[in-house]
Amino acid sequence: MSDTETTAAAPAGEQEQAGAASRPEKITIIVHSGDFDKIYSAFIVGNGALAMGMEASLYFTFWGLSRLKKGKLDSGPLSKMHMLGMGKWMIKRRMKDKNVRALQAMARDFKDLGGKIFACDMTMDIMGVKAEDLEQELIEEYCAVGTYIREARESVVTLFI
Amino acid sequence: MERSDAEESLVAEVKVDCRGENCPVPLVETRKALRRSKPGDVVEVVGTHPSSKKEIPMAVEALGLTLIGVEEDESGEWTIRIQR
């Protein structure tokens, strides 16, 4: 326990801390649901985080993964009161009246602001979905749970939608 | 979005019009404009969404930038100026 030992260790520790402090805080969201309103929540929170200077990662799995199919981002039912499509139609109309930005545009914004979208390859396997079926320019990586864990352990905020 | 140069300096004023836009668009468009601008530029955001009037200053602070000012007229239209 000499003085030289402790002073040698300190700069490395400080460097690590400085590195960690300069990186923005991250949010990681598992998008498990494919419901219309829940996909909206994922993108609104993701975009909000990016706008506030955070990093954001969305991990699409199970029903959420289906929404990454070409042109299908807004095809999910409402999570409640879907009423065979009537509920969704009403909500969409209200959203249009209030000039709410469309999901496709929100996904575009998310990508433009540096957000990352991950596609669960196990879900793709189970559901017989190929990469060509998906909106490939939106997707950062095709991966598995290890990638989610990597993102999540670096995050200060994690959500399951 | 227009870019108009100030007379003598190379500082640009970046204008964002998000009147009539709702959550999270004003925040998103502000962030996009800040990313596109250079240090020294002034970003001016005009909008009508009440929550965004509170939240854009929060984002400015979180990003470590300087808020020049926030104004609002009687119709609820606000103008936020940010020093990049």
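Helix 2 of chain B and the contact with chain A

The contact takes 14 residues from chain B and 14 residues from chain A. The model is a predicted one. On the side of chain B that touches chain A, helix 1 and helix 2 of chain B each supply at least two residues. Helix 1 of chain B gives the largest share of that side, 6 residues. Sorted by class, the side of chain B that touches chain A consists of 8 nonpolar, 3 polar and 3 charged residues.

Helix 2 of chain B can be followed in more detail. This helix covers residues 50-62, 13 residues in total. From its first C-alpha to its last it reaches 19 Å, close to the 18 Å expected at 1.5 Å a residue.

Which residues of helix 2 of chain B are buried? They are B:Ser52, B:Lys53, B:Ile56, B:Ala59 and B:Val60. Viewed down the helix axis, these buried residues fall within an arc of 130°, so they line one face of helix 2 of chain B. The face turned away from that buried side carries the exposed residues B:Pro50, B:Ser51 and B:Lys54.

The cover over the buried residues of helix 2 of chain B comes from both chains. From chain A it includes helix 2 (36-51). From chain B it includes helix 1 (25-36), along with strand 3 (42-47), strand 4 (66-72) and strand 5 (78-83).

The backbone just beyond the helix is the last stop. There, just after helix 2 of chain B, B:Gly64 takes a positive phi of about 75°.

Notes
Residues are numbered from 1 along each chain as its sequence is written. Chains are lettered from A and ligands numbered from 1 in the order in which they are written. This is a predicted model: local features need pLDDT of at least 70, side-chain atom pairs count only at pLDDT 80 or more; totals for chains, interfaces and linings use all residues. Helices (H or I, at least four residues) and strands (E, at least two) are DSSP runs, numbered from the N terminus. The expected span of a helix is 1.5 Å times one less than its number of residues. A residue is buried if 20 or more other C-beta atoms lie within 10 Å of its own, exposed if 12 or fewer, and partly exposed in between; C-beta atoms are placed from the backbone. The arc is that of the directions from the helix axis to the C-beta atoms. Two residues are in contact if their C-beta atoms, placed from the backbone, lie within 7 Å. Ala, Val, Leu, Ile, Met, Phe, Trp, Tyr, Cys and Pro count as nonpolar, Asp, Glu, Lys and Arg as charged, and the others, Gly among them, as polar.
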